[in-house]
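I opened this entry to record what I looked up in the structure. The notes follow in the order of my reading.

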Amino acid sequence: MTWKSALLGLALLLGACQARAEPPVWIVRDADSELVLFGSIHVLPKALAWKPRRLTRAMAKADDIWFELPLDAAAQGEVAALAAQRSFLPQGQTLSKLLTPADAARLKTVAADYGVDLSYLDQLQPWMAEVVLGAAAFRRFDASADDGVERALMAEAPARAKLQAFETPAEQIALFADGPRAEQLASLVQTLDELADGPDEYARILKAWLAGDIAALEKEAVAPLREASPGLYARLVAARNRRWTAILDDRLRGRGRTVVVVGMGHLVGPDGLPGALRALGYRVEGP
């Protein structure tokens with residue numbers, strides 16, 4: 001399949017999904033509070049219509065809105081600076097040498113296919129090489145974080161709503177950069193396999209998200225990481241979800257209207273936030 005035909009197919013399937021359904025929304029209510037959970041796709045194609053009506057209504061009435069990270073310019077600058085500090089391998093090491101010969105050959109092929117300089121990738125820690133290759137893949141779809149869920153929702157947040165974050169920039173960068181080398185390499189190899197197959201993975205995730213297909217989202221967005229690198233999944237998904245659940249439980253013990261926007265992978269699967277809140281005894285409306 002050529003990239004041109006893949007992109008045409010993506011446009012057609014996204015149009016079909018938008019006509020039938022919306023991305024999933026979960027709602028938790030008690031006597032004096034409401035909490036709306038929405039799973040983000042951080043990077044989206046331009047001009048994609050995706051906002052569920054229930055989310056739009058909840059945003060307009062929200063007293064507080066929670067994101068994974070602060071989204072102001074200072075925080076974004078801190079993320080970039082910290083990432084730059086921790087992106088590179090020690091002098092004398094190369095990424096290709098850390099990989100098996102077969103995976104190093106795949107890295108070379110994928111880098112060429114996506115227009116990424118292999119000599120630059122070879123200097124990077126595995127986690128950052130994965131970020132760089134992912135960004136190159138998103139560019140094929142004319143997709144960026146500027147068009148992603150968080151930026152769009154920040155623009156429509158009511159002035160009275162308090163913006164909150166579950167993590168600091170330093171905490172989030174550490175989640176990736178402090179991971180054991182073996183886990184980082186396993187995740188990178190999984191990404192190389194997906195990118196070598198072309199754009200189908202991203203297209204499938206978008207299709208499932210727009211259609212509100214929870215089973216497909218779990219299969220495409222969560223299960224591959226859990227299977228390829230259980231340790232990385234435990235740290236990036238399961239452990240964070242436990243911390244966030246405790247924060248949301250505390251919030252629900254108060255009063256008011258809250259919107260929570262985190263990566264879609266944190267809301268589906270056996271460790272997802274909706275399931276964790278149900279386990280605490282809350283009635284959660286939604287898939």
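I took helices (H or I, at least four residues) and strands (E, at least two) as DSSP runs, numbered from the N terminus. The model is predicted: local features need pLDDT of at least 70, side-chain atom pairs count only at pLDDT 80 or more, and totals for chains, interfaces and linings use all residues. Residues are numbered from 1 along each chain as its sequence is written, and side-chain values use heavy atoms, with hydrogens and water left out.

Strand S2. I looked up the burial of S2 (residues 33-40) and found 8 of its 8 residues buried, that is, under 20% relative accessible area with a 1.4 Å probe, protein chains only. Ser33, Leu35, Leu37 and Gly39 lie on one side, and Glu34, Val36, Phe38 and Ser40 on the other.

Pairing. I counted two strands as paired if DSSP finds at least two bridges between them. S2 pairs with S1 (residues 25-29) in the antiparallel sense over 5 bridges, and a hairpin of 3 residues joins S1 to S2. Val25 stands opposite Phe38. With S7 (residues 256-263), S2 pairs in the parallel sense over 8 bridges; Ser40 has Gly263 as its bridge partner there.

Cavity. I asked which residues line the largest cavity. On a 1 Å grid over the protein atoms alone, a cavity is a set of points where a 1.4 Å probe fits but cannot get out, and lining residues have an atom within 4 Å of a point. The lining consists of Glu34, Val36, Ala58, Lys61, Ala62, Arg257, Thr258 and Val259. S2, helix H2 (53-61) and S7 each supply at least two of the lining residues, and S7 gives the most, with 3.

How values were computed. Buried < 20%, exposed > 50% of the residue type's maximum accessible area, 1.4 Å probe, protein only. 1 Å grid on protein atoms, 1.4 Å probe; cavity = no way out; pocket = protein on both sides within 12 Å on 5 of 7 lines; lining within 4 Å.
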